[in-house]
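User: I would like to learn how to read a structure like this one. Please take me through it feature by feature.

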Amino acid sequence: MKPLKHLPAWKTLEQHFKDMRAFDMRSAFREDAHRFEHLSLRCGNLLLDYSKNRVTPDTMRHLMQLARESDLEGMRNAMFSGERINFTERRAVLHTALRAPVRPPLVVEGMDVEREVAAVLKRMQRFVESIHNGSWRGHTGKPIRDVVNIGIGGSDLGPAMVCAALDHYALESVRVHFVSNLDPAHLAGTLKQLDPETTLFIVASKTFTTLETLANANSAKAWLLAALRAPAAVARHFVALSTNAQAVEAFGIDPDNMFIFWDWVGGRYSLWSAIGLSIALQIGWGNFQALLAGAHAMDIHFKEAPLEVNMPAILGMLGIWYANFWGTDTYGVFPYDQRLRLLVPFLQQLDMESNGKNVNRDNKLVNYNTGPILWGAPGTNGQHAFFELVHQGTRLIPTDFLVAAVNPTPLADQHEWLLANCLAQTEALLKGKSRAVIEAELIAQGMSRETAKALAPHKVFPGNRPSNTLLYQKLDPHTLGMLLALYEHKVFVQGVIWQINSFDQWGVELGKQLAPPIRAALSSVRAIGEHDGSTLGLITDIRRRRGLST
């Protein structure tokens, strides 16, 4: 593999960047009346406007040449065909198969992947329908009214985000709740509002050994048994999403109520699998299928569209342009859609856990930026929190804005104002406002020339700041599936360019390994063991505060 910085297209982009440092988007729009048409793209219901970026047609050609020299197309084909592109764990990466209809067999290591997926989906459908039609009942014969998903990371973030995004599709017969944090306040606050006789728990853990998930699951089981006083009740009030049948059965869950997924399903890509059971229980099986179909539509687009008109490739390569040539460290995601309030936390895991790497596929340290810091919040809340930094700060921050043309729950003219604010922010980032204009406005308002001259610098908007806008008709299951798959593939594109493995997550392991001895030290002085001075000091102080001897 040729080092990234040695690729001809990289060197071309380095020279091109020198020519682009003074590029002004405002001038580009004045000079090209069709810039929007040239630099926007439709895929189904989605419109991507990337015309408000510091790019020219030449920039885009150079970026796509870099993608080709990085073998993006070959790596894309390898992923879809089931090759072990997650090479550090020797696994295929086949989350796309979770939402693909059954067709001529995709056989990976002797397994007909899509037929296996279809079989699990059929079992999920039967279970979901049994909850909704009341044929599945709790231990005392009452129907299930509340479902609590217990998981963490991808087993929580994805389903919780989708359920929030599609809450206007929620069925009235079942309420879905999510518990992830090891902090007992999370579980206790949820249980306070529930009836044990009508509550079902979904324990989501591939290995059924995840510390946080098992701690919450055991506490939930104790709560249930304290109320129902029958060990047999566990089998009617708990199901598992796992691959560890032995541990599931030992917990008290009937193995027939265990829904499996596979080692080629990464946690942050797992909402399309059995991990999505809570989604289907909230929105119904037909809408869950529509979510999968939307993701599959984006998969087909990513797989088949030429790079120049390929939405994930364009978004991914724009991110490369800013992170590696303009030197940006972060990018913002601002959904002007309250239902997408959990999208940013979901994308933070998707992006930063995937591409926060410093070693390439040749096992060598990289010498360029990877994995930018992703942050954001729903509009218009974000406007009153941190848009000052985006507009007037010293950092260049590329941004994505997401907004629906139609709101399914309109109130007066509020959605019109929401749309107006979204478009106004992208226009303000582009146009800015000059000191001369501000001074003239202040003087026209009656301010003295001297005072206006002093105040004007504080009110200047530099402008020429980049943004993408993703516009869709309304937030429905199919559209949401397309949006999520778009960002999944964008992350994949960037990982290929950076020559890293986007599908492992070794960076989360060390803290987990160090936690058990610290846990022991917090309760037993004999177990304090070897720690750095800071950690030892904190352990000692915690023990003192809890009245333990030192």
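Analyst: What follows goes from the whole chain to its sheets, helices and single residues. This is a predicted model, in which local features need pLDDT of at least 70 and side-chain atom pairs count only at pLDDT 80 or more, while totals for chains, interfaces and linings use all residues. Residues are numbered from 1 along each chain as its sequence is written, and side-chain values use heavy atoms, with hydrogens and water left out.

User: How many helices and strands does the chain have?

Analyst: Helices (H or I, at least four residues) and strands (E, at least two) are DSSP runs, numbered from the N terminus. The chain has 22 helices and 13 strands.

User: What radius of gyration does the chain have, and what would a compact globule have?

Analyst: The radius of gyration is taken over C-alpha atoms, and the globule rule is 2.2 Å times the number of residues to the power 0.38. For 550 residues the rule gives a value near 24 Å; the chain has 26 Å, which agrees. Along the principal axes, the C-alpha atoms fill a box of roughly 80 × 60 × 60 Å.

User: What share of the residues count as buried?

Analyst: Buried means under 20% relative accessible area, exposed over 50%, and partly exposed in between (1.4 Å probe, protein chains only). Of the 550 residues, 52% count as buried.

User: Now the sheets. What is the order of the strands in the sheet of six?

Analyst: Strands of a sheet pair through backbone hydrogen bonds, either parallel or antiparallel. Two strands are said to pair if DSSP finds at least two bridges between them. The open sheet of six strands has the order β1-β2-β13-β12-β10-β11, with mixed pairing. At its edges stand β1 (40-43) and β11 (373-375), each with a single partner strand, so one side of each lacks a neighbour in the sheet. Neighbouring strands here are turned by 15 degrees against each other on average, direction ignored.

User: Which pairings does β13 make?

Analyst: β2 (residues 46-49) pairs with β13 in the antiparallel sense over three bridges, and L47 has L471 as its bridge partner in β13. β12 (residues 399-404) runs parallel to β13 and is joined to it by six bridges; F401 stands opposite T469 there. Strand β13 (residues 467-472) is mostly covered, with five of its six residues buried.

User: Why is α7 said to be largely enclosed?

Analyst: 11 of its 12 residues are buried, so α7 is largely enclosed by the rest of the structure. One of them is C163, with a relative accessible area of 4%. As for length, the expected span of a helix is 1.5 Å times one less than its number of residues. For α7 that gives 16 Å, and its end C-alpha atoms are 16 Å apart, which agrees. Helix α13 (residues 285-304) has 20 residues and reaches 28 Å, close to the 28 Å expected.

User: How many disulfides are found?

Analyst: A disulfide is a pair of cysteine sulfur atoms within 2.5 Å. The whole structure has zero disulfides. The sulfur of C43 is 20 Å from the closest cysteine sulfur, in C422, too far for a bond. C43 is buried, with a relative accessible area of 9%.

User: Last, a single residue. Where does S130 lie, and is it buried or exposed?

Analyst: S130 lies in helix α6 (residues 113-132) and counts as buried at 13% relative accessibility. Leaving aside neighbours within four places in sequence, S130 is in contact with S135 and W136.

Conventions: Axes fitted to C-alpha atoms, helices over the stretch in contact; angles between N-to-C directions. Contact = heavy atoms within 4.5 Å.
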